[in-house]
Amino acid sequence: MQRYQDQRVLVVGGAGFVGSNLVRRLINEGCDNVLVVDNLLSAERGNLPEDARIRFLEGSIADDGIVSSLTDEFDYVFHLATYHGNQSSIANPLEDHANNLIKTLKLFERIKGFKKVKKVVYAASGCTLARHTYEHAEATSEEGLAPFDLDSPYQISKVVGEFYSVYYHRQHGLPTVRARFQNVYGPGEILGAGRWRGTPATVWRNVTPTFIYRALKHLPLQVENKGIASRDFIYVGDIVQGLLLCGEAGLPGEVYNLASGVETTIGELAALINTLTANSSPLEFLPDRPWDRSGKRYGSTEKAKRFLGFEAQVPLRDGLERTIAWTHQNLALIESCMQKHAASMKSQS
């Protein structure tokens, strides 16, 4: 990744789980200067290493003072900021709109005339084009019409963010590349990071870190709908590599899946995590979530492999072992973040 050596990079949402992993990689690749903008809504300042090459600006990119302070100095822009997750967006669609769409629109408006920027990589969601099915799943490709029957404001705002990415490329020549994430997991995802956002999903935000934490505590893993839903789990190091390749080789205006191409059911994930952590507690089966019709899905890897040279390198078992080790080493940090929300969690129960 020599292209990133001595470059100046803006990472919006750079203190979050994926963002902080990306920032570390950029520094290791020899970036000259990385500006991180993050309002710490779902992140912790301590996620970022202390390094003179990292500048941190706390606040929202939608804030007029912050976005107007950006100057035409960046070689690359990575837009990873989001209102984290489906359930939070259902609880507060206005906040989802403000933290997903308004941020995207204000950022693009500000940088549309910048001359130096080579690529603007937008973090898109792999769930938006996936077919709703609990039968046989086929790999979801990058192409196809966006459906109108999405399940949450989060999904709506992420797909509209893609519409804006395409619009600003065609109308203003902004070199946007859309990176469609699948289900990312790995070291650095802190349960309870950031501020309370109205639902227990503030703490129990994603299935993999939730399962790992509960398994390490020898608690039953709570599995909805008998665990038959499936996802494409991709290790965070692979996602970071994919993001860098989107910036290096992605064609402006295009979209690429960042996927493992492997379908894993939630039941299989739970069983594997219990095995790796020696958790003997039986699974606790819960009803399905009434809003969720996503069923079975995984992403096609063909286009990213052909045009970016991207292939996920870390198998699920290996990635889980690394994530379990990291979680075990950071239990005190994780539990301190979870404890911040204890009173609010109790009032919601």
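## A buried lysine

Lysine 119 has a relative accessibility of 9% and therefore counts as buried, a term that here means under 20% relative accessible area, with exposed meaning over 50% and partly exposed in between (1.4 Å probe, protein chains only). The model is a predicted one, in which local features need pLDDT of at least 70 and side-chain atom pairs count only at pLDDT 80 or more, while totals for chains, interfaces and linings use all residues. Residues are numbered from 1 along each chain as its sequence is written, and side-chain values use heavy atoms, with hydrogens and water left out.

Lysine 119 is found in strand β5 (residues 119-125), where strands are DSSP runs of E with at least two residues and helices are runs of H or I with at least four, numbered from the N terminus. Although lysine 119 and tyrosine 76 are 43 residues apart in sequence, their C-alpha atoms are 5.2 Å apart in space. Contact means heavy atoms within 4.5 Å, and, leaving aside neighbours within four places in sequence, the contacts of lysine 119 include Asp75, Tyr76, Val77, Cys246 and Pro252.

## The chain as a whole

The protein chain has 12 helices and 13 strands. Its radius of gyration, taken over C-alpha atoms, is 19 Å, close to the 20 Å that the globule rule (2.2 Å times the number of residues to the power 0.38) gives for 349 residues, so the chain is as compact as a globular protein of that length. Buried residues make up 56% of the 349 residues, and among contacts with a separation of 6 or more, 81% join residues 24 or more positions apart.

## The largest nonpolar core

A nonpolar core is a set of buried Ala, Val, Leu, Ile, Met, Phe, Trp, Tyr and Cys residues joined through side-chain atoms within 4.5 Å. The largest one has 39 residues, and Phe78, Phe181 and Leu243 have the most contacts inside it. Helix α7 (residues 236-249) gives the most to this core, with 7 residues. Leaving aside neighbours within four places in sequence, leucine 243 is in contact with residues including Tyr4, Val18, Phe78, Val121 and Phe181.

## A covered helix

Helix α6 (residues 207-216) is mostly covered, since 9 of its 10 residues are buried, among them Phe211, Tyr213 and Arg214. The elements that cover these buried residues include β7 (183-185), α8 (266-277) and α10 (316-329). Just after α6, histidine 218 takes a positive phi of about 60 degrees.
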